[in-house]
Amino acid sequence: MSDNAPVISAKNVWKLFGAEPEKYLANMPEGHGFDDIRADGYIAGVKDVSIDVNRGEMLVIMGLSGSGKSTLVRCFSRLHEITGGTIEIDGQDIMALSDKDLIDLRRSKMGMVFQSFGLLPHRTVLENVAFPLEMRGQDGHSRRERALEVIKLVGLEGREEYFPRELSGGQQQRVGIARSLAIEPDIWFLDEPFSALDPLIRREMQDEFLRLQDMLGKTIVFITHDFDEALRLADRIAIMKDGAVEQCDTPDQIVLNPATEYVRKFTEEIDKARVVTAGALADASITAKGATVPAQATIKELAASLVADKRAEIPVAAVDGTVVGGMKRQAALAVLLGDAA
Ligand SMILES: Nc1ncnc2c1ncn2[C@@H]1O[C@H](COP(=O)(O)OP(=O)(O)OP(=O)(O)O)[C@@H](O)[C@H]1O
Ligand SMILES: [Mg+2]
């Protein structure tokens, strides 16, 4: 398998809920939208989604409640049988796998943190965290060692023998995170993993996932309602509406060039200056001279110099010093003042 091949490749994936979804989809008139489908008694949980996730990438999925985020991610691990389309994991069509091979795939490669925590109520924190290691056949001693390590990492040291019902919502969520960290899977599906955490521990957990992604090249699909979290973590953001992906792009492209009116409205509240970099505004056809600004700097970071530097066009340099183009000061100021693009 080449390193450039996507880890997850979804093509024209549909997940319809209703009485006879396959039959309905096969006979559905061309161009039938979400509301038409609903009028026929079906819910389009996922509607014709095609998306690739690359190795080492963090894809963040956003969208309003009910837009299909959880359903899509459940399709990726075949927790849902899809109604149409194909999903490949490392080039393997997962719909073609036997039950046993599917379980093996999940155990060996996939980690999941569910919105609902999904803990085993009659097992302690330690036993819950060690559970996937047990399923993998790891011996008792190394299981315990590893579980203790990740319990410490999520800040639950001293609570190893508690039962889930004895923990707060945020603590239960951390058990779920620890359990998925324990096995260091290649592919991580995280469904609002930090929603119940307070800001400080939430940030620590974000850092931990960033570290793992960076160090170990993990592929992560992450659902969140929190734009700050998305901007901090995402390589790309997919925005869903009514089961469909409206746009999947880098954060700066999402805010600079929203593909639809819906995406524009959805991202309206974001402080664009924190997302857009000088590199994103640099135009290769503009040859500006003199002192450069770094391409990776955000417009927010450049705010002071943008106010002071009155040149109409400012050269932008990549990390290695080569000039990649010129940035119009007007455009940068527009981003800074919030009336961009
Ligand atoms: N098992 C199911 N049976 C019937 N309908 C379902 C089922 N699971 C999900 N749906 C419907 O599919 C749509 C998408 O649900 P989903 O849980 O994926 O939304 P979401 O984007 O994750 O929302 P939230 O942000 O609230 O978690 C909803 O309309 C939901 O009611
Ligand atoms: Mg959900």
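Predicted model: local features only at pLDDT ≥ 70, side-chain atom pairs only at ≥ 80, totals over all residues.
Reader: At what angle do helix 6 and helix 7 pack?

Author: Helices (H or I, at least four residues) and strands (E, at least two) are DSSP runs, numbered from the N terminus. Axes are lines fitted to C-alpha atoms, for helices over the stretch in contact, and angles run from 0 to 180 degrees between N-to-C directions. Here, helix 6 (residues 140-153) and helix 7 (residues 169-182) pack at about 135 degrees, with axes 9 Å apart.

Reader: Which residues make the contact?

Author: Contact means C-beta atoms, placed from the backbone, within 7 Å. Helix 6 gives R146, A147, V150, I151 and L153; helix 7 gives A178, L181 and A182.

Reader: What is the strand order in the open sheet?

Author: Strands pair if DSSP finds at least two bridges between them. The open sheet has six strands, in the order 6-7-8-3-9-10, with mixed pairing. Strand 6 (110-113) and strand 10 (244-249) are the edges, each pairing on one side only. The twist averages 15 degrees from one strand to the next.

Reader: How do strand 3 and strand 9 pair?

Author: Strand 3 (residues 58-63) and strand 9 (residues 236-241) pair in the parallel sense, over five bridges. M62 stands opposite I239 in strand 9.

Note on methods:
Residues numbered from 1 in each chain as written. Chains lettered and ligands numbered in written order. Contact = placed C-beta atoms within 7 Å.
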